[in-house]
Amino acid sequence: HRHLTGIDGLQPHEIAFLLDEAETWVEANRTHATPDKRLAGLTQINAFFENSTRTLLSFEIAGKRLGADVVNMHAAQSSVKKGETLIDTAMTLNAMRADVIVIRHMSSGAVRLIADKVDCPVLNAGDGRHEHPTQALLDALTIRRRKGAIAGQRVVICGDLLHSRVARSNILALTALAAEVRVCAPSTLMPPMIERMGVTAFTDFDRALEGADVVMMLRLQNERMDGAYVPSTREYRLRYGLTLDRLAKAAPDALVMHPGPMNRGVEIDSAVADHARSAITEQVEMGVAVRMACLDVLTRRARGVEGWA
Ligand code: CP
């Protein structure tokens with residue numbers, strides 16, 4: 001693969017390979033001891049057309065830890081605001097001889113469009129409702145480290161599934177790695193025919209939680225509702241909020257996850273988000289290791305190192 005535009009199209013062994021590669025960076029990243037500057041001399045451009053805290057910063061830290069020259073393009077301060085098209089922006093980044101481009105965009109498919117136009121590897125940092133592959137990889141790595149394995153884990157993903165690229169990438173990765181995936185959402189925020197992705201769908205969160213090993217909560221994505229019925233905050237918390245009482249329905253050692261940003265008191269209570277069973281900060285930490293692995297693996301061919309797959 002020249003690019004990482006999604007989990008879709010990756011074989012289970014390729015996903016496991018990226019997790020293994022990420023695992024090798026966890027300790028070095030924790031101690032900041034990364035003398036291995038294998039991306040030295042390469043230019044990494046992070047082109048973010050949509051807001052981000054975790055993904056942008058962790059891609060920047062990951063690139064810098066590996067010695068790359070990292071530059072960030074924030075759409076709000078760029079010539080996108082003057083009407084430049086996505087393809088013209090992509091051609092401009094290409095002409096600057098970027099060695100790897102990381103893109104976040106509000107439109108599904110925008111990253112693929114750019115990948116087809118440029119000469120270097122492109123990594124998807126989240127495109128519309130489509131995919132957020134590095135998020136799914138960091139979530140899978142967190143589960144694997146905390147639970148010892150992914151196969152056989154009962155994972156409940158609850159929230160605004162209709163608009164969630166995080167849910168889509170996670171469903172693809174976790175089912176590929178043989179987890180039992182349950183999804184839960186109000187019927188208006190449940191994608192039609194989601195069972196075709198190999199998951200079991202619930203609208204009753206209490207039932208979905210029974211015996212869960214991992215509970216992954218998602219926020220309501222108000223910026224993508226396009227007229228969909230949105231329950232009030234109070235109503236949503238009542239039926240779909242993860243409270244301590246609800247968490248008690250899951251397995252006694254169930255892991256709590258959230259990709260962030262969280263809406264505390266809506267989809268997740270603070271008592272749960274800050275609980276000893278919460279892996280939320282560990283997810284962020286794994287994000288740096290996963291992005292180091294992805295940047296390394298995708299630039300191998302350009303560096304004359306054997307690529308992957
Ligand atoms: N999880 C995630 O993508 O967070 P950001 O939007 O802050 O990057």
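Modeller: The ligand is surrounded by Ser52, Thr53, Arg54, Thr55, Arg104, His132, Gln135, Pro259 and Gly260, where near means a heavy atom within 4 Å. This is a predicted model, so local features need pLDDT of at least 70 and side-chain atom pairs pLDDT 80 or more, while totals for chains, interfaces and linings use all residues. Residues are numbered from 1 along each chain as its sequence is written, and side-chain values use heavy atoms, without hydrogens and water.

Biologist: Which polar side-chain atom lies 2.8 Å from an oxygen atom of the ligand?

Modeller: One of Arg104; a polar contact is a pair of N or O atoms within 3.5 Å.

Biologist: And what about the nitrogen atoms of the ligand?

Modeller: A polar side-chain atom of Gln135 is 3.0 Å from a nitrogen atom of the ligand. A polar backbone atom of Gly260 lies 3.3 Å from a ligand nitrogen.

Biologist: New topic: where does the ligand sit?

Modeller: In the largest pocket, where sitting means that more than half of its atoms lie within 2 Å of the pocket's grid points. A pocket is an open set of points on a 1 Å grid over the protein atoms alone, where a 1.4 Å probe fits, with protein on both sides within 12 Å along at least five of seven lines; lining residues have an atom within 4 Å of a point.

Biologist: Which helices each supply at least two residues of its lining?

Modeller: Helix 2 (54-65) and helix 6 (165-176); helices are DSSP runs (H or I) of at least four residues, numbered from the N terminus.

Definitions and conventions. Polar contact = N/O pair within 3.5 Å; in protein donor to acceptor, adjacent residues only side chain to side chain.
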